[in-house]
Number of protein chains: 2
Amino acid sequence: MQEKKKIPKSVASRLSLYLREISRLEDEGGDKVSSVELGELTGLTDAQVRKDLSYFGQFGTSGSGYEILKLKNILRDLLGKDNIWHIVLIGAGNIGSALLRYPGFKNQGFIIKEAFDIDQKKIGKCYGEVTVKDVRQINDIEKDRSIKIAIITVPVDSAQDVAEEVTRYGIICILNFSPVILKVDEGVTVRNIDLSNELENFSFILTSAKG
Amino acid sequence: MQEKKKIPKSVASRLSLYLREISRLEDEGGDKVSSVELGELTGLTDAQVRKDLSYFGQFGTSGSGYEILKLKNILRDLLGKDNIWHIVLIGAGNIGSALLRYPGFKNQGFIIKEAFDIDQKKIGKCYGEVTVKDVRQINDIEKDRSIKIAIITVPVDSAQDVAEEVTRYGIICILNFSPVILKVDEGVTVRNIDLSNELENFSFILTSAKG
DNA sequence: CACTGTGAACCCGTTCACAGCA
DNA sequence: TGCTGTGAACGGGTTCACAGTG
């Protein structure tokens with residue numbers, strides 16, 4: 001009945017998944033979707049889809065499903081898809097420079113606005129509209145208060161230092177590729193992408209399967 | 001009391017985290033560690049550390065903690081760190097080629113043995129010891145039964161096809177970078193790394209913070 | 001009749017709290 | 001005394017099952 005309960009983290013992290021599949025359906029010319037269908041597309045159960053969607057109001061139609069356009073707009077709204085988000089990237093190595101070159105972000109409203117590295121060989125390199133600067137100038141980002149997101153792709157030893165620095169300069173969301181748990185102030189959100197961890201998980205699975 | 005209960009997924013995914021911190025402690029010359037210390041290093045509670053470790057036998061010493069060397073060996077063992085794992089990578093684009101160039105995997109025992117792409121411009125390119133082959137030859141991997149892990153870094157539309165193909169050829173672990181839920185046979189493990197999803201999560205946080 | 005919306009039941013992982021041990 | 005090992009309590013998220021609705 002109530003308009004909006006607080007959306008739990010678990011639900012929030014599925015929002016973009018829903019939006020993605022909804023958008024695909026829209027592209028294919030659909031206009032309604034049931035919780036069962038959406039469940040199949042997202043790999044979730046129908047009950048979960050319904051419960052998730054119920055967190056932000058009820059707009060399904062009994063007997064026919066959800067209106068795709070309506071649902072899409074609500075999800076876009078929640079996810080702030082009409083905004084453009086500015087990002088700073090620190091560490092223009094292998095992964096870092098791949099992200100700088102990656103065109104997908106821009107289409108999604110994410111723009112890497114600044115990039116830094118400590119290595120003279122990398123400083124000055126240009127990727128699209130971004131030129132890699134000396135990390136000693138990182139406090140430049142303080143001037144640009146629109147930058148709230150940092151991507152950290154530096155070696156593990158410097159990651160904590162970098163995290164502390166960028167949070168001092170207004171960053172409140174960090175996507176961390178270094179295999180280390182960052183300690184950050186309250187109010188800062190960190191998400192980790194740990195390739196080695198993922199692979200070692202496989203290693204564990206494969207090892208115990210042999211067992 | 002019992003030697004080994006089955007290790008839950010949640011615990012398994014922290015194993016490499018423990019090993020990492022334990023190894024660091026060892027490098028620093030430590031020889032014992034308490035659950036409290038290890039908890040601080042890993043960002044977990046001490047209770048959780050103890051419970052996790054208790055899943056694979058008891059080897060802590062009351063009053064003094066865990067022997068680092070012993071713990072390390074057990075973790076290495078569980079994670080199969082003495083093995084070398086072979087990997088096939090499909091999609092030598094931005095991210096894919098960054099992974100091909102990334103030296104960290106090899107040190108950890110993960111070797112990208114084969115790489116494929118559909119794009120003539122990428123086929124034939126050489127990264128270290130790996131040369132990118134035409135994806136039409138992907139059934140080559142069937143001969144090499146040592147390859148159990150695939151990294152999929154292809155555009156979203158081809159990801160499902162690629163997944164089906166590689167699982168036909170003996171792959172049972174997939175690290176998927178495409179923003180799509182892969183449908184795979186029972187017994188195949190998929191882990192997703194979804195950059196856009198992570199960023200959209202930030203977008204959600206930043207949007208709702210503005211409230 | 002098909003499908004939504006949602007309390008209730010369930011499940012599983014985390015945390016608590018303390019007995020047991022060196 | 002300090003720290004482990006672990007049952008018990010807790011909590012959040014998922015699933016169930018069904019009443020309600022167009």
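## Exercise 1: The largest pocket

Task: In this predicted model, sort the lining of the largest pocket by residue class and find where the lining comes from.

Solution. 
- Step 1. Sorting the lining of the largest pocket by class gives 20 nonpolar, 13 polar and 16 charged residues.
- Step 2. In total, 49 residues line this pocket, and those nearest its centre are A:N201, B:K9, B:A12, B:S13 and B:R191. The pocket's volume is about 1,800 Å³.
- Step 3. Now turn to the elements.
- Step 4. The largest share, seven residues, is supplied by α8(A).

## Exercise 2: A residue at the pocket's centre

Task: Is A:N201 buried or exposed, and which residues does A:N201 touch?

Solution. 
- Step 1. Locate the residue: A:N201 sits in helix α8 of chain A, which covers residues 195-210.
- Step 2. The relative accessible area of A:N201 is 7%. Buried means under 20%, so A:N201 is buried.
- Step 3. Leaving aside residues up to four places away in sequence, A:N201 touches B:S13 and B:R191. Both of these partners, like A:N201 itself, are among the residues nearest the centre of the largest pocket.

## Exercise 3: Where the chains meet

Task: How many residues of chain B are in contact with chain A, and what area is buried between the two chains?

Solution. 
- Step 1. On the chain B side, 60 residues are in contact, and they meet 60 residues of chain A.
- Step 2. About 5,400 Å² is buried between the chains, and carbon and sulfur atoms give 63% of that area.
- Step 3. Within chain B, the residues that lose the most area to chain A are B:E200, B:F202 and B:F204; together they make up 13% of what that side buries.

## Exercise 4: An enclosed space

Task: Which residues line the largest cavity, and what classes do they belong to?

Solution. 
- Step 1. Start with the idea behind the search: rolling a probe the size of a water molecule over the atoms shows where empty space is left.
- Step 2. Across the whole structure, one cavity of 30 Å³ or more is found. The largest cavity holds about 60 Å³ of space.
- Step 3. Read off the lining: from chain A come A:I95, A:A98, A:L99, A:F177 and A:L195, and from chain B come B:I95, B:A98, B:L99, B:F177 and B:L195.
- Step 4. Helix α5 (94-101) of chain A and α5 (94-101) of chain B each give at least two residues to this lining.
- Step 5. By class, the lining has ten nonpolar residues, with no polar and no charged ones.

## Exercise 5: Pairs of rings

Task: How many aromatic pairs does the whole structure hold, and is the pair A:F56 and A:F59 stacked or edge-to-face?

Solution. 
- Step 1. Over all chains, the search finds six aromatic pairs.
- Step 2. For A:F56 and A:F59, the ring centres are 6.1 Å apart and the planes meet at 25°, so this pair is stacked. Planes under 30 degrees apart count as stacked.
- Step 3. For contrast, take A:Y102 and A:F105. Their centres are 4.9 Å apart and their planes are at 80°, so the pair is edge-to-face. Here A:Y102 is partly exposed at 31%, while A:F105 is buried at 3%.
- Step 4. Finally, ring pairs join A:F56, A:F59 and A:Y66 into a cluster.

## Exercise 6: Sequence and space

Task: How far apart in space are A:I118 and A:I74, and how far apart are A:L69 and A:L25?

Solution. 
- Step 1. A:I118 and A:I74 are 44 residues apart in sequence, and their C-alpha atoms are 42 Å apart.
- Step 2. A:L69 and A:L25 are also 44 residues apart in sequence, but their C-alpha atoms are 9.8 Å apart.
- Step 3. Place the residues: A:I118 is in the loop between β5 (110-117) and β6 (126-127) of chain A, whereas A:L69 is in helix α4.
- Step 4. A:I118 is exposed, at 68%, and A:L69 is partly exposed, at 48%.

Conventions. Residues numbered from 1 in each chain as written. Chains lettered and ligands numbered in written order. Predicted model: local features only at pLDDT ≥ 70, side-chain atom pairs only at ≥ 80, totals over all residues. Heavy atoms only, no water. Phe/Tyr/Trp six-rings, centres within 6.5 Å; stacked < 30°, edge-to-face > 60°. Buried < 20%, exposed > 50% of the residue type's maximum accessible area, 1.4 Å probe, protein only. 1 Å grid on protein atoms, 1.4 Å probe; cavity = no way out; pocket = protein on both sides within 12 Å on 5 of 7 lines; lining within 4 Å. Points joined across faces, edges and corners; volume = space filled by probe spheres on them. Helix = DSSP H or I, 4+ residues; strand = E, 2+ residues; numbered from the N terminus. Nonpolar A, V, L, I, M, F, W, Y, C, P; charged D, E, K, R; others polar. Contact = heavy atoms within 4.5 Å. Buried area = accessible area lost by both parts, 1.4 Å probe.
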